[in-house]
Amino acid sequence: MSVMIKESPISEKDMIADAEKALADISRVRDGVGRVIFGQESVVERTLVALLAGGHALLVGVPGLAKTKLVETLGIVLGLDSRRIQFTPDLMPSDILGSEVMEQDEFGKRSFRFISGPIFAQLLMADEINRASPRTQSALLQSMQEYHVTIAGARYDLPAPFHVLATQNPLEQEGTYPLPEAQLDRFLMQVDILYPDIEAERRILLETTGVEDAKAQNVLQPARLKEIQTLIRRMPVPESVVEAILKLVRSARPGQGNAETDKHVAWGPGPRASQALTLCARARALYDGRLAPSVDDIRALAEPVLQHRMALTFAARAEGTTVRDVVAKLAKGI
């Protein structure tokens, strides 16, 4: 098996030893989350994969599906300094980033002091992100991509690791502002949260309506999470997986020779989608106990990685075609 992508040379023995330690840590994280979040295994997997890959995730689902609870639980289990922002139409950028205030010392000398906002956290929950105005949403762009913010010309680095987990209600449209494409592209994955199955809902009924609820416990430290993220970037990617990623992403763009795409897609994913698939495939492989990703990982990740990076034509929407339908057909072809 030929290898094309490799961040730095590492012996197979060392890689296996590091991976085994990471697998044990990831297993404890999964168990820790599972004590509080019932069912939703796919949602937990995809969200953890996004964090292990070092990225951000957009959680989309109707109210009451434990989106907020999931983010809160992940913060505790992973030992991350977590903050929560409830996005509203009147929220201002300074409410997120912070602002400078003027102070006067005992000698009467005045100076400005920066008071940091809630964005200075390792895990930021942007609750109902589409309720804020575009001006406020844009305040997140620099931080999500460059991991620092600029206030009054001064640069302030964000804590490491830094992750944004945003939630969005797909049903409410009144009083909301659709996220701009540039900001959507910053999210490594869009994780759709569906209703739980009957057994999971039965367990929710029995275990969350008593005197005591299950409490999340810390099992990992931020420094260890960063080590696992570095390990994932060092994992080799087989040539066949690289070709599958390129074929999938390029086939999702109009004008590349795919008749179905030309008919239904107005604009497709850019190179950032290929980067996201590569990182997420590595993270998913390690999450499943493997040292290298496979083409099956690409098929499994196609929907969450691509769906928010594509837009359908008006004719396709009128026919009832969805982005998920298009992505599913493309994924079968790789």
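The lining of the second largest pocket comprises 12 nonpolar, nine polar and seven charged residues. This pocket belongs to a predicted model, and its volume is about 590 Å³. Its lining counts 28 residues, and those nearest the centre are Ala53, Gly54, Tyr147, Arg233 and Leu279. Two or more lining residues come from each of helix H5 (134-146), H8 and helix H11 (271-287). H11 provides the largest share of the lining of the second largest pocket, with six residues. Because domain 1 (10-234) and domain 2 (237-333) both give residues to this lining, the second largest pocket lies between them.

**Domains**

The domain assignment divides the protein chain into domain 1 (10-234) and domain 2 (237-333). Taken over C-alpha atoms, the centres of domain 1 and domain 2 are separated by 24 Å. In the contact between them, 28 residues of domain 1 meet 21 residues of domain 2.

**The largest pocket**

The largest pocket holds about 900 Å³ of space. Of the 33 residues that line the largest pocket, Val60, Gln168, Pro170, Gln190 and Gln307 lie nearest its centre. Strand S2 (57-60), helix H6 (181-184), strand S10 (189-192), strand S13 (311-312) and helix H14 (323-332) are the elements that give two or more residues to this lining. By class, the lining of the largest pocket divides into 18 nonpolar, 11 polar and four charged residues.

**The cavity**

A search of the whole structure for cavities of 30 Å³ or more finds one. The volume of the largest cavity is about 60 Å³. Asp25, Ile26, Val29, Leu48, Leu52, Leu78, Leu220, Leu225 and Ile228 form its lining. By class, these are eight nonpolar, no polar and one charged residues. At least two lining residues are supplied by each of helix H1 (12-34), helix H2 (41-52) and helix H8 (222-234). The largest share of the cavity lining, three residues, comes from H1.

The volumes and the classes of lining residues are set out below.

| Space | Volume | Lining by class |
|---|---|---|
| Largest pocket | about 900 Å³ | 18 nonpolar, 11 polar, four charged residues |
| Second largest pocket | about 590 Å³ | 12 nonpolar, nine polar, seven charged residues |
| Largest cavity | about 60 Å³ | eight nonpolar, no polar, one charged residues |

**The five-stranded sheet**

Five strands form an open sheet in the order S3-S6-S9-S2-S10, and their pairing is parallel. At the edges stand strand S3 (82-86) and S10, each of which pairs on one side only. On average, neighbouring strands of this sheet are turned by 20° against each other, direction ignored.

Within the sheet, S2 pairs with strand S9 (residues 163-168) in the parallel sense over four bridges. Leu58 is placed opposite Ala166 in S9. Helix H3 (residues 67-77) packs on the sheet and touches S2, S3, strand S6 (123-127) and S9. The direction of H3 makes about 170° with that of S6.

Two strands of the sheet also take part in the largest pocket: S2 and S10 are among the elements that give two or more residues to its lining.

Methods
Residues numbered from 1 in each chain as written. Predicted model: local features only at pLDDT ≥ 70, side-chain atom pairs only at ≥ 80, totals over all residues. Heavy atoms only, no water. 1 Å grid on protein atoms, 1.4 Å probe; cavity = no way out; pocket = protein on both sides within 12 Å on 5 of 7 lines; lining within 4 Å. Points joined across faces, edges and corners; volume = space filled by probe spheres on them. Nonpolar A, V, L, I, M, F, W, Y, C, P; charged D, E, K, R; others polar. Domains from an automatic or database assignment. Pairing = 2+ DSSP bridges. Axes fitted to C-alpha atoms, helices over the stretch in contact; angles between N-to-C directions. Contact = heavy atoms within 4.5 Å.
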